[in-house]
Every structure is written in C-alpha cells, then in structure tokens.
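This report describes a predicted model.

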Amino acid sequence: MKLELGKILIQDVQFGDKTEVVNGTLFVNKEEIVELVLEDDRLIGADVELARPGEAVRIAPVKDVIEPRVKVTGGGALFPGMINKVEQVGSGRTHALVGATVITCGQIVGFQEGLIDMSGPAAKYCPFSKTNNVVLVIKPADGLETHDYETAGRLAGLKVAAYVGEAGRNIEPDEVVVYETKPLLEQALQYPDLPKIGYVHMLQSQGLLHDTYYYGVDAKQLVPTFMYPTEIMDGAIVSGNCVAPCDKVTTFHHLNNPIIEDLFKRHGKDLNFMGVVLTNENVFLADKDRSSDMTAKLCHFLGFEGVIISEEGYGNPDTDLMMNCQKVSQKGIKVVLITDEFPGRDGKSQSLADTVDEADALVSCGNGNMIIHFPPMEKVIGTLDFIETMIGGYEGSLKPDGSIEAELQIVIASTIANGYNRLAARGH
Amino acid sequence: MNKLIITNNSLVFEKYHSNYDVIYLKDAGYLDVLYAARDRIHLSYVLLTHPMAGSLKPNQTPYKSIIVAQGENGLDIESVVLIENSISAAQKFLRDRGTPSWSEKILSDFRTVDLSLMEDAIQKRSLIAI
C-alpha cells in the first residue's frame with residue numbers, strides 16, 4: 001500500500017468569509033463551522049476561537065486534537081467508519097494542513113483532560129503550543145447523557161477537521177512524502193538483508209472516555225490484527241480517550257504516529273519495516289490473555305525479528321504491555337518498549353504497574369508525576385473551573401491569580417507514550 | 001463459574017445485584033475494595049478484571065469495582081501478584097496526595113465511568129470459562 005502525503009505548511013490561522021488556505025495562512029469561516037457542529041442536536045452551543053503559537057492563551061479542558069487532512073485520490077475518505085463510509089484507506093494521495101489543528105474543548109465530565117498553554121513554561125511540554133489551532137468549544141443539550149455527549153464531541157471534532165481539511169484539496173503541497181509498504185512476502189524480499197521490524201500498537205480500550213476506534217470498530221471488540229502503516233495516516237484510528245491528559249493519544253497523534261514516521265525514515269536503510277500489529281488493552285483478564293497470545297502469534301507468523309511496542313495509559317495497560325513483551329520475546333523476537341512513567345514525585349517508586357523479566361529494553365517518555373508551575377494566561381479558551389479536578393491537578397492547584405501548580409500529567413500529550421514529545425530518562 | 005462483583009459504586013450495585021453476586025462496600029474507599037478482593041484471592045478466588053482498570057488514578061477517583069470468581073485450583077499466584085501490585089501502586093499515589101472531597105456532580109461522573117469500565121466485562125464475557 002502506497003500513500004503520498006502532501007504537506008501544506010500553515011503558518012497562521014485567521015477568521016475569514018471562506019474556509020481556504022492562502023499563502024500559508026488558513027482562513028476559517030466561523031459561522032459554517034458552528035452550523036456544521038449544530039447539525040447534531042445533542043449539542044446546543046458551539047463557539048470557535050483561534051489560538052496561535054506564542055499567544056498568552058490557555059485552553060482547557062481539551063477533549064481531542066485533530067490535524068485537518070483531505071483524501072485527494074485513492075479509495076475511501078478520512079476517518080472511515082466514523083464520519084465517512086468504512087471503505088479502506090491508506091493509498092493514493094492525502095493532503096495535510098501541517099501546523100494547524102482542530103481542538104475540541106468542553107466539559108464532558110468534571111475530571112477530564114487536560115490543558116494546553118500556547119506560551120510560557122508549560123508550552124514546551126505540548127506540541128500544540130506550536131500549531132495554529134482552531135478551537136471548538138462545545139455545549140451539550142441539557143441533561144445529555146455522558147456517553148452521548150462524548151460521542152457528539154468526538155464526531156464534532158472529526159467533522160470540523162475534515163471540513164477544514166477540504167481547504168487543502170487543490171493546494172500544491174510544500175512537500176510530498178511517499179510511504180510504501182509492500183505485501184508481506186514482497187516486502188521481505190525487497191530488503192532481504194535487513195532485519196524485519198514490526199510495530200505493535202496498543203490501543204486504549206477500557207470503556208467510557210477510554211476508547212479507540214479502528215474503522216469505527218470499538219477496540220474493545222477487536223482481536224489483534226495487521227494494518228498497513230499508511231492506513232493510520234488517513235484516520236483509520238480515532239481517539240475516544242479523554243481522561244489522562246499527558247499520555248492520551250489524540251487523533252492528531254494517531255495521524256502523525258512518530259514510531260511509524262521514524263520506522264519509515266530508516267526503512268530500506270538499516271531496517272525493513274514490515275507493518276503494524278494492532279491490539280487492545282481490555283479490562284477483562286481473559287481478553288488480555290487472548291490478545292497477547294494473538295499478538296505474539298502474529299509477530300511470529302509474520303516473520304518479525306524485532307518489535308517495538310507502545311501502549312496508551314498507565315496501570316491496567318501496563319499488564320498488557322508486559323504480557324505482549326513476554327510472549328513476543330518468548331517467540332525469539334527482540335522487543336523494545338516505549339512508555340511513560342509514574343514513579344511518584346521523587347521519581348523513586350516503581351515506574352510501571354507491572355513488569356516481567358523480558359522487559360529489559362525500554363525507552364522512557366518522561367515522568368508524569370513531576371510538579372511544574374505555570375503562570376497565569378491573559379486569555380482562557382474554555383474554562384479553568386476543572387483544573388483542580390483534572391488528572392495532575394489537586395486542591396490548591398489553581399491559585400487566585402490564575403497561575404497553576406500541578407503535576408506534569410495535566411498537560412496534553414506531555415509524556416505521551418509513543419514518544420511524540422521531548423522528555424526522556426537516563427540511567428546512571 | 002460464579003462471578004462475584006466487589007464494588008463501592010452504587011451504580012454498579014444497582015445495575016447488577018439482581019442478576020449477579022455483588023459485595024457492595026457502601027461508603028468504603030478505593031483501597032478497601034482492593035483489600036476485599038485480595039482477601040478473597042487468598043481464599044482461592046481468581047481475578048477476572050484488572051484491578052487498575054481505567055486511567056483515573058487511585059488518589060483521584062474514589063470508586064473501584066473488581067470482578068472475581070471462585071477458582072477450582074487452589075491459590076492463583078497470578079491473581080495474588082496482580083492484586084498486590086495494584087495495592088502497592090494505589091498506596092504510592094495516595095502517599096503523594098489523598099483523594100479530595102469531590103462535589104456530588106463529580107462523584108456522579110466518577111461512578112458513571114467506573115460502571116462503564118465494568119459493563120463490557122460483565123455483559124459480554126459471561127460465557128467464558130477461566
């Protein structure tokens with residue numbers, strides 16, 4: 001499967017009469033966006049605000065972040081099974097508005113994620129302090145049940161990202177990157193002397209606000225399967241996870257999975273990137289047994305010699321991570337894990353909730369328990385009402401002057417466990 | 001195999017007590033639910049769900065639900081290790097900062113999410129043998 005990804009670089013975002021891209025500036029029509037969102041009568045209010053890098057703006061609480069893209073050629077359309085038909089994606093040509101995002105913001109439960117600062121000391125922990133953001137603040141109908149509000153919020157973000165992405169359809173991209181994975185046996189033969197590397201991508205799958213979707217299928221219902229890496233670039237995987245800000249994988253992060261990106265960079269040079277095994281992180285232990293058995297079986301069956309495994313979340317998912325690590329290793333395949341850590345404020349406690357002997361190679365994405373201080377921001381998009389109830393916040397976190405003292409895990413994607421961040425750990 | 005649901009969440013109790021065995025630890029804390037599961041595991045019960053289900057941390061949500069089942073093979077070491085690790089992890093978070101006294105609206109949200117974490121496990125997996 002081969003995809004050409006055309007990157008249209010966005011340097012600014014402004015409101016305009018027409019949603020379009022002109023010389024690197026994304027213009028968005030506010031009224032059309034609001035009208036689109038309010039087609040869903042589960043939502044009774046929608047507002048659109050813009051947040052640009054360097055501005056003294058704080059956005060909270062954040063539900064999802066999505067990169068605007070459009071399917072130019074090739075089968076299917078963006079976010080299959082969610083806002084478009086289920087037709088397979090990942091081939092042909094797709095354009096992405098790189099440097100722009102759509103962010104959904106709105107209270108679903110009193111303790112959800114998470115915040116983004118566009119400037120100041122917290123900005124460096126979040127990639128969205130450097131993007132031009134179209135922030136959609138949504139309001140649910142009175143008494144709307146939580147599951148319905150989550151669904152409505154999720155779909156609103158995807159619809160707006162696809163609507164904005166359309167502005168890139170006929171624009172000549174600044175850069176076109178070609179990604180190709182051949183069918184398995186051909187791929188193996190293409191680089192016969194290079195090690196065959198697979199990526200095991202664990203999807204969050206526990207329940208309300210903890211779900212992920214593959215072509216619209218709830219990941220709780222999946223058995224492990226094999227995906228061409230380019231499918232993810234067209235939105236085959238969408239986030240419904242919205243509870244732990246620091247290591248929640250936003251839909252943006254699925255579209256821009258850094259492990260897939262880096263494996264492709266080295267594909268044909270020092271490794272042969274064979275493809276992606278998708279698996280889940282269910283609460284039911286028998287599901288974990290089944291999924292980890294099947295993940296190891298697939299890795300072995302597909303001839304991987306080395307595997308990178310990433311997870312989403314902490315606690316329950318750490319057990320899946322270790323089961324996958326152990327069973328894949330026992331098939332004679334080398335395994336490296338990538339994850340973030342929660343070793344307590346002093347960094348001295350166990351980082352993960354589980355471990356196995358085979359987990360001897362791990363790349364850390366940082367400590368979510370670190371305390372940081374954020375100054376007040378001139379403008380707040382959304383509300384600060386829930387800062388103290390977000391994960392990472394606590395009573396007294398929000399000071400009277402609007403500054404915040406909280407654990408790093410309150411910042412969206414700060415320690416994201418697929419490595420799309422700037423934190424690490426070293427042993428001494 | 002008889003499932004036993006151990007919970008301090010009134011929504012879980014209300015939804016399932018008619019059709020399943022539920023130990024409802026009303027007004028008990030998060031750790032109390034883990035301890036109750038641990039005590040039964042030492043009497044040869046087996047864990048069916050992961051004690052650390054959900055991304056809400058132990059010093060954030062006051063609610064916890066765990067499903068166990070009467071085992072037939074004596075002490076299940078994997079269940080012992082898993083519950084002890086979970087207790088240890090919960091104690092680590094609670095040591096850093098205790099669970100706040102939340103408003104009723106937020107408590108209701110926590111109950112809703114905890115129930116959701118259990119629903120898939122309870123309803124769709126009832127025929128699986130351990």
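## Contact between chains B and A

In this predicted model, 30 residues of chain B are in contact with 31 residues of chain A. Two elements of chain B give two or more residues each to the side that touches chain A: α3 (77-96) and α4 (104-124). Of these, α4(B) gives the most, with 10 residues.

Sorted by class, the side of chain B that touches chain A holds 13 nonpolar, 8 polar and 9 charged residues.

## Helix pair in chain A

Two packed helices are described by the angle between their axes and the distance between the axes. In chain A, helix α1 (residues 30-37) packs with helix α2 (residues 146-165) at an angle of about 145°, and their axes are 10 Å apart. The crossing of α1(A) and α2(A) is right-handed.

From α1(A), the residues Ile33(A), Leu36(A) and Val37(A) take part in the contact, and they meet Ala156(A), Lys159(A), Val160(A) and Tyr163(A) of α2(A). By class, the residues of this contact are 6 nonpolar and 1 charged, with no polar residue.

## Sheet in chain A

An open sheet of 3 strands in chain A has the order β11-β6-β24, with mixed pairing. Strands β11 (116-117) and β24 (379-382) of chain A each have a single partner strand and stand at the edges, so one side of each is left without a neighbour in the sheet.

Strand β6 (residues 57-60) of chain A runs parallel to β24(A), and 4 bridges join the two. Within this pairing, Arg58(A) has Val380(A) in β24(A) as its bridge partner.

How values were computed:
Residues numbered from 1 in each chain as written. Chains lettered and ligands numbered in written order. Predicted model: local features only at pLDDT ≥ 70, side-chain atom pairs only at ≥ 80, totals over all residues. Pairing = 2+ DSSP bridges. Axes fitted to C-alpha atoms, helices over the stretch in contact; angles between N-to-C directions. Left-handed = near helix turned anticlockwise from the far one by under 90°. Contact = placed C-beta atoms within 7 Å. Nonpolar A, V, L, I, M, F, W, Y, C, P; charged D, E, K, R; others polar.
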